[in-house]
Amino acid sequence: GLAVRGTFSPARAWRPTVGARLARTLGRTLQLHPMLTPQSQLSDSPAALQQYARLAGAMYLFTMATALFAEGYVRGSLYVSDSAALTAQNLIASNQLFRAALVADLLTCSGVVVLVWALFQLLRQVRRDLAALAAFFRLVEIGVHLSALAFGVAALSLLGKRPAIPS
C-alpha cells in the first residue's frame, strides 16, 4: 500500500509559491506588516501576562465600584424621571454629591482606558487584529461617555446660576 506521511492541504501549499512569485515580480523580498507577524513573535513572558491579567482584574473592580457609585447611588437618588424641575432642584440641593459623581465618572473613564490597554496586551497573543478592533470600539465608547459627562458639567454650570424653576 501507499504510505502517506503528513497531511496535504491545498490551502497551505499555494502560499509560499504565490509569495515567491510576487516577490520576484516586485523585484524585492516581501516584508510582513507588523499586524501579520506570526503570533509566536508577540508572546510575552508568563510573568508579564500574569501582571496584565491582574491589572485588568483590578481595573474591572475599580471601574465597577466608581461606576456603581456614580450611576447607582448618585444619579439614582438625584434624578427624577417624570420631572426635570425636581431633578434640577435635587442637583442644586446636592451640588457636591453631583460633583462627586462627575469625578467618579472621570475616574471610571480613566480606569477603562487602563483596562482596555491591559486587555489588549493579553488578547493580542490570541489575535491581534480582533484585540485592536475591540480596543477601538471600547475607546469610542469612552469618547461617547466623556461627551455625556461634558453635558453633566454643562448642566452643573447652568444650574449654578440659579435659574427660576417653577415648583
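Biologist: Let's start with Asp-129. Which residue does Asp-129 form a salt bridge with?
Modeller: Arg-127, with the closest N and O atoms 3.0 Å apart. A salt bridge here is a side-chain nitrogen of Lys or Arg within 4 Å of a carboxyl oxygen of Asp or Glu. Some ground rules: this is a predicted model, where local features need pLDDT of at least 70, side-chain atom pairs count only at pLDDT 80 or more, and totals for chains, interfaces and linings use all residues. Residues are numbered from 1 along each chain as its sequence is written, and side-chain values use heavy atoms, with hydrogens and water left out.

Biologist: What is the relative accessibility of Asp-129?
Modeller: 33%, so Asp-129 counts as partly exposed. Arg-127 is partly exposed too, with a relative accessible area of 45%. The cut-offs: buried is under 20% relative accessible area, exposed over 50%, partly exposed in between, with a 1.4 Å probe and protein chains only.

Biologist: How many salt bridges does the count come to?
Modeller: Four.

Biologist: What side chains does Arg-75 meet in a salt bridge?
Modeller: Glu-71, at 3.2 Å, N to O, and Asp-105, at 2.1 Å, N to O. Arg-75 sits in helix α2 and Asp-105 in helix α4, so that pair ties together parts 30 residues apart in sequence. Arg-75 and Glu-71 are four residues apart in helix α2, which means about one helical turn between them.

Biologist: Arg-75, buried or exposed?
Modeller: Buried, with a relative accessible area of 12%. Asp-105 is buried as well, at 4%.

Biologist: What else does Asp-105 touch?
Modeller: Ala-70, Arg-75, His-145 and Leu-149, leaving out residues up to four places away in sequence. A contact means heavy atoms within 4.5 Å.

Biologist: Zoom out. How many helices and strands?
Modeller: Five helices and zero strands. The pattern along the sequence is α-α-α-α-α. These are DSSP runs, numbered from the N terminus: helices are H or I with at least four residues, strands are E with at least two.

Biologist: How many residues in the chain, and what share is buried?
Modeller: The chain has 167 residues, and 23% of them count as buried. The accessible surface comes to about 11800 Å², with 66% of that on carbon and sulfur atoms. Areas come from the Shrake-Rupley method with a 1.4 Å probe, and for residues only the protein chains shown count as cover.

Biologist: What share of the contacts is between residues 24 or more positions apart?
Modeller: 74%, among contacts with a separation of 6 or more.

Biologist: Now the core. Which residues form the largest nonpolar core?
Modeller: There are 12, including Val-74, Leu-91, Phe-98, Leu-102, Leu-149 and Leu-156. Helices α2, α3 (84-93), α4 and α5 (128-159) each supply at least two. The largest share, four residues, comes from α4. A nonpolar core is a set of buried Ala, Val, Leu, Ile, Met, Phe, Trp, Tyr and Cys residues joined through side-chain atoms within 4.5 Å.

Biologist: And what does Phe-98 touch?
Modeller: Val-74, Leu-78, Tyr-79, Leu-91, Gly-152 and Leu-156, again skipping residues up to four places away in sequence.

Biologist: Aromatics next. How many aromatic pairs?
Modeller: Three. One of them is Tyr-52 with Trp-117: edge-to-face, 5.4 Å centre to centre, 85 degrees between the planes. Tyr-52 lies in helix α2 (residues 46-78) and Trp-117 in helix α4 (residues 95-123), so the pair ties together parts 65 residues apart in sequence. Another is Phe-136 with Phe-137, tilted, at 5.6 Å and 55 degrees. The rule: ring centres of Phe, Tyr and Trp (its six-membered ring) within 6.5 Å, with planes under 30 degrees apart stacked, over 60 edge-to-face and the rest tilted.

Biologist: Phe-137, buried or exposed?
Modeller: Exposed, with a relative accessible area of 51%. Phe-137 lies in helix α5.

Biologist: Which residues form a nonpolar patch on the surface?
Modeller: Leu-130, Leu-133, Phe-136, Phe-137, Val-140 and Val-144, with about 580 Å² of accessible area together. Patch residues have over 30% relative accessible area and no salt bridge; like charges are joined within 9 Å, nonpolar side chains (Val, Leu, Ile, Met, Phe, Trp, Tyr) within 5 Å.
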